[in-house]
Amino acid sequence: MSLKKTLSVILMTTFLLGACGKSDTSKEEKTTENIAGEITVLTNRTDGDAIFKTIEDKFIEENPDVTAVHFENIADYDSTVTTRLNSGDYGDVLFIPFSMAGNRAEYPNYFESLGTIPELQDKYLDVREADFDDQVYGLPVALNSLGFIYNEKVLRDAGITDIPKTTAEFVNNLKTIKEKTDATPFYTNYQAVAVWAGALTSFGGEQYKTKTLEAGDAFAKGQPIREVMDLFYTMSSNGLIEPDPVTMDSQKAFQDLADGKVAMLMNGSQEVAGIQKLTKDPIAIMNFPVETDGRRSLPLGAPAVIGINKHSKNKETAKAFVEFFDSSASGYAKDLNGMPNKISDLSPEQKEVVDNSHVILTVATETPEVNDAYAKIADEVGVSRLTDVLQKTINIGLYPDKNESYDDYIAQLSKKWQEAEQHND
């Protein structure tokens, strides 16, 4: 696939949202007499005053008995809101802290169910970001693709015209960039490599945890964590990443990408528009070099997930607001350079991309039992944070004289995983 024909990724970053579909006339939405008063909405954006004012105005226009929507925008969101959950003071509607995904059994204690997975999965593309025991407690506010953001001019200068289909092709491209340009081929984002957790489903499928438990070793060749680690080791040991990953930050890397000093980095499509504003060079995003049944994987994830406070005193208005916020009518998905989660709101271009790609969610769709078993083993091995193993891998690749060999590190992890799985049988 040529750079100019990366349909699934370029459309994903330049979507023109189609006209909003007709409002759903479900029984819940017909009880408009209860949609009134005011609600408070907690968000993780401190730069969203303009879009949130627009959303408030549109929502009140559709529901004239609503008097106000108060947005509380919190900087240190996950930490602050997680603390407030225990006090009961967390608004009527809120972005669910992503840190709670590791303990999904807590969702029913704090959030109102929005419906069951079977009820909602035909209406929305993604209902698995905040679910537990077949109940959905939060919905994505938008869907963005995850992949490699790149400066197209740098790739052209290196003579690269096709999007890689395999990891081997991708690494060869990085080597070509190193050889033929002055750009750093790939920026690892050492301080925030946890974002690579969203790539695991692309390499292993949405039930990769189940498959890993069945295999008995998360670090065997071909397992998703091993695939990502191998890629990091190959890049770092071959000088294909930034020479000092510890001190370089994301904003500097974005500017360097815009300036052509960095060729690629991994992130979500929501970052493309901001980087594009920094340069005249074309900035785009390619999906991970993985294909399934001949179709390129399109990994979709949520920049935030919206839910309802279980203890809200204005649940009907809160439910109506979540429904509105999650539709293209609110304009929020477009503001994030993403697409709406609601299937009926997809534009023809978006629908074409979805229909012709292997859509895969960045969040694993596992049972609570599998999530719990996997988490216990990962915690016992000391790899519950992907950040730890990836940073260690980078260090081994960059500083081989100061660390054990990569093969020895993998062998240690494999032995620990197998022993931990036996302990937890």
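Rings of Phe, Tyr and Trp (its six-membered ring) are paired here if their centres lie within 6.5 Å, with planes under 30 degrees apart counted as stacked, over 60 as edge-to-face and the rest as tilted. The model is predicted, so local features need pLDDT of at least 70 and side-chain atom pairs count only at pLDDT 80 or more, while totals for chains, interfaces and linings use all residues. Residues are numbered from 1 along each chain as its sequence is written, and side-chain values use heavy atoms, with hydrogens and water left out.

Select Phe52, Phe59, Phe71, Phe95, Phe321, Phe324, Phe325 and Tyr332, which form one aromatic cluster. Within this selection, Phe52 and Phe71 are stacked, 4.5 Å centre to centre with 10° between the planes. Phe52 belongs to helix α3 (residues 49-62) and Phe71 to strand β2 (residues 66-73), 19 residues apart; Phe52, at 1% relative accessibility, counts as buried (under 20% relative accessible area, with exposed over 50% and partly exposed in between, using a 1.4 Å probe and protein chains only).

Next select Phe219 and Trp417, whose ring centres are 6.1 Å apart with planes at 80°, so the pair is edge-to-face. Phe219 lies in the loop between α10 (208-215) and α11, and Trp417 in helix α19, so the pair ties together parts 198 residues apart in sequence.

Definitions and conventions: Helix = DSSP H or I, 4+ residues; strand = E, 2+ residues; numbered from the N terminus.
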